[in-house]
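Subject: Structure handover

Dear colleague,

Here is the structure I said I would pass on. Please look it over first; my notes on it follow.

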Amino acid sequence: MSDYLVYLGAVGWAHAAWKGDFYPEDLPEDWQLSFYNTQFRCVYLPHALWKNATDAEVAGWLDDTLERFRFVLGAPETFDEQDAAKARRFGERGIAESQLDIVWLEGEADLRELARRMQKAAHGGAPLYVISRDGALAQLRQAGQLMEVLGV
């Protein structure tokens, strides 16, 4: 069962351009995920990142985030047993990209279409994931405001 109807996030949380605009200037890098998870509901992790992460790194990511925060696991074309074993480290908080309804934020966002998709998720009960490929803060903020207006 999902905690939210709409999950908003970006590919990764380490974006140099966010320092001073999103992340406070004096925030240590190892605290960025903890801060990120107070503003967003999910993060997309490319396959190579989550697959090659150590058990300690994954445990740290889980400890640094709220229980309702989700890790979207980028899926390779073929998901083998080794991938499945690595994905299980995330427990229910890690969800394969292929299992989700994702709206990718790229370029100028069509806010009407995004609102329609959010409302559909609210009525249908299946969560929608809205993810910025390039971490464009302006788009993420617009999507966040739309979520507030719609109450999702």
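Helices (H or I, at least four residues) and strands (E, at least two) are DSSP runs, numbered from the N terminus. This is a predicted model, in which local features need pLDDT of at least 70 and side-chain atom pairs count only at pLDDT 80 or more, while totals for chains, interfaces and linings use all residues. Residues are numbered from 1 along each chain as its sequence is written, and side-chain values use heavy atoms, with hydrogens and water left out.

Overall fold

The protein contains six helices and six strands, in the sequence order β-α-β-α-α-β-α-β-β-α-β-α. Its radius of gyration (taken over C-alpha atoms) is 15 Å, close to the 15 Å from the globule rule (2.2 Å times the number of residues to the power 0.38) for 152 residues, so the protein is as compact as a globular protein of that length. The C-alpha trace spans about 40 × 40 × 25 Å along its principal axes.

Contact here means heavy atoms within 4.5 Å. Of the contacts between residues at least 6 apart in sequence, 76% join residues at least 24 apart.

Surface and charge

The accessible surface (Shrake-Rupley method, 1.4 Å probe) is about 8,500 Å², and 50% of it belongs to carbon and sulfur atoms. Buried means under 20% relative accessible area, exposed over 50%, and partly exposed in between (1.4 Å probe, protein chains only). By that scheme 43% of the 152 residues are buried.

There are 15 positive side chains (Lys and Arg) and 24 negative ones (Asp and Glu), with His and the chain ends not counted. The centres of the two sets are 5 Å apart, each charge being placed at NZ of Lys, CZ of Arg, CG of Asp or CD of Glu.

Cores

A nonpolar core is a set of buried Ala, Val, Leu, Ile, Met, Phe, Trp, Tyr and Cys residues joined through side-chain atoms within 4.5 Å. The largest has 37 residues, and Tyr36 and Val130 have the most contacts inside it. Helix α6 (residues 137-150) supplies the largest share of this core, five residues. Leaving aside neighbours within four places in sequence, the contacts of Val130 include Val6, Leu8, Val103, Leu114, Met118 and Ala143. A second, separate core has 10 residues, among them Tyr7, Cys42, Leu100 and Tyr129.

Individual positions

Gly135 sits in the loop between β6 (128-132) and α6. Gly135 is buried, at 6% relative accessibility. Beyond four places in sequence, Gly135 touches Ala10, His15, Trp18 and Leu140.

Gly74 is also a loop residue, between β3 (70-73) and α4 (81-87). With a relative accessible area of 1%, Gly74 counts as buried. Its contacts, not counting residues up to four places away, are Tyr44, Leu45, His47, Trp50 and Glu97.

Lys19 belongs to the loop between β1 (6-11) and α1 (32-39) and is partly exposed, at 31% relative accessibility. Outside the four places on either side, Lys19 touches Pro24, Glu25 and Leu27. Lys19 and Gln32 are 13 residues apart in sequence, and their C-alpha atoms are 9.7 Å apart.

Asp55 is in helix α3 (residues 55-63) and is exposed, with a relative accessible area of 55%. Asp55 and Phe90, 35 residues apart in sequence, are 9.7 Å apart from C-alpha to C-alpha. From Gly135 to Asp55 the C-alpha separation is 26 Å, across 80 residues of chain.

Regards
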